[in-house]
Amino acid sequence: MTNYVPLLRVSALIPFVDFLHKLGTPTEKLLRQYKLPIFALDEPNFLISRHQVFDFLKKTAYQEGIENLGILVGEKTPVESMGILGKLACQSLTLYDAIFKAIHLGNLFNSAEHFWLLEDKETAYFCQEFTNLGSFDSSHPSHFSLLLMMDLIRKVAGKTWYPQQITLQTPFSSFTDHYLQEVFINKDVTITSIAFPRSFLALPFPHEFNLCEDQKHQEYEKLSQSIPSSQFTNSLTQAIKSHLKEGYPSINLASEIAKMPIRSLQRKLAKDGLTYSQLVTRIRYEKAVYLLQNSPLKIIDIAYELGYEDPAHFTRAFKRWTGTNPHNFRYHQ
């Protein structure tokens, strides 16, 4: 049991949802089945529970009979489409610069995924690892990350380049792709890595990905404003925020988000002096205040953003929290 809820950005889920939707898969039904927030798909930078996403990928791939889902989606997903991290990685001078950014920004994208670079005389190794996997054994996330890493290298090496060697964090399975059958040969390793000529590190990145410094700074600020927390209550809070628009996030949902029994979840919250109900109230209150102060949304729309079916219920709750109604609060700010 981890001391925090592993989180990742919604932008990591979107390519899978888009791919499945194009196949005619009832994606919305499946997302609801595995308790993932539908409305969050409109917010690529939102943080959601990694447990839920990985469970969704594993079970949906099995249900739909798509054994190599992570590979198929990865082949169709360019790095630059992966939200802010993808954009920033592609605003690089060289491949070394791009990998360096992936290493140092990766924890802002996924709180339990790490990248690093190893070098010897002639060969470099681009490495990736998911931590805190527990008993999870699905290969789809690792295969997806592998294809993104390969795409980053191919930005400088060319689309037809193939790696010298690949190792995988997850167990081997068969694939339809001939070249993958040849290179996915190391079955019992703890990391995912791609070997390539060390000389590639100095190759220049294509100019088509260049942004001005102001744009780079703005993108980085967006990412850094919501760093995945390594503390339990704060990480659970970040995940629940993405579910608010779906309605009141029940404690059963929180249990699935955290992948732990309700009693264990309650004990962890109690260490921070909170009940689950108090946590949800705090989340709603803080978001309500932020939206009233910083957005032009109407009160009725703010109520829906917080998961209230009836705006009158939001008004009564806000008055209980602050002693005034939302209209007066906004007016006097």
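In which strand is Leu47 found? The tour returns to this residue after a view of the whole model.

**The whole chain**

Begin with the entire protein on display. This is a predicted model. Colour the chain by secondary structure: the protein has 16 helices and six strands. Of its 333 residues, 52% count as buried.

**Stop one: Leu47**

Select residues 47–49, which form strand E2; Leu47 is found here. Is Leu47 buried or exposed? Its relative accessibility is 5%, and the cut-off for a buried residue is under 20%, so Leu47 counts as buried.

Next, display the residues in contact with Leu47, leaving aside its neighbours within four places in sequence. They are Leu7, Leu8, Arg9, Ser226, Pro228, Gln238, Ala239 and Ser242. Then select Asn110, which is 63 residues from Leu47 in sequence, while the C-alpha atoms of the two are 8.6 Å apart in space.

**Stop two: helix H1**

Select residues 14–22, helix H1, and show the side chains. The buried residues in H1 are Ile14, Pro15, Phe16, Val17, Phe19 and Leu20. Just after H1, select Gly24, where phi is positive, at about 90°.

**Stop three: the largest cavity**

How many cavities of 30 Å³ or more are counted? The count is one. The volume of the largest cavity is about 360 Å³. To find its centre, select Phe109, Glu113, Phe115, Ser145 and Leu148, the closest to that point of the 24 residues in the lining.

Now colour the elements that each supply at least two lining residues: helix H3 (50–64), helix H5 (83–89), helix H6 (95–109), strand E3 (113–119), strand E4 (123–130) and helix H7 (140–157). H7 provides the largest share, six residues. By class, the lining of this cavity consists of 20 nonpolar residues, three polar and one charged.

**Stop four: the largest pocket**

Select Glu43, Asn45, Phe46, Lys241 and Lys287, which lie nearest the centre of the largest pocket among its 31 lining residues. The volume of this pocket is about 1100 Å³. Two or more lining residues come from each of H5, helix H9 (213–224), H10 and helix H13 (276–294). Which helix gives the most to this lining? H13 does, with four residues. The lining of the pocket divides by class into twelve nonpolar, nine polar and ten charged residues.

**Stop five: helices H10 and H12**

Finally, select residues 232–241, helix H10, together with residues 262–271, helix H12. The axes of these helices come within 9 Å and cross at roughly 115°. Show the side chains that make the contact: Phe232, Thr233 and Leu236 belong to H10, and Leu265, Lys268 and Leu269 to H12. Four residues of this contact are nonpolar, one is polar and one is charged.

Definitions and conventions
Residues are numbered from 1 along each chain as its sequence is written. This is a predicted model: local features need pLDDT of at least 70, side-chain atom pairs count only at pLDDT 80 or more; totals for chains, interfaces and linings use all residues. Side-chain values use heavy atoms; hydrogens and water are left out. Buried means under 20% relative accessible area, exposed over 50%, partly exposed in between (1.4 Å probe, protein chains only). Contact means heavy atoms within 4.5 Å. On a 1 Å grid over the protein atoms alone, a cavity is a set of points where a 1.4 Å probe fits but cannot get out, and a pocket is an open set with protein on both sides within 12 Å along at least five of seven lines; lining residues have an atom within 4 Å of a point. Grid points are joined across faces, edges and corners, and a volume is the space filled by probe spheres set on the points. Ala, Val, Leu, Ile, Met, Phe, Trp, Tyr, Cys and Pro count as nonpolar, Asp, Glu, Lys and Arg as charged, and the others, Gly among them, as polar. Axes are lines fitted to C-alpha atoms, for helices over the stretch in contact, and angles run from 0 to 180 degrees between N-to-C directions.
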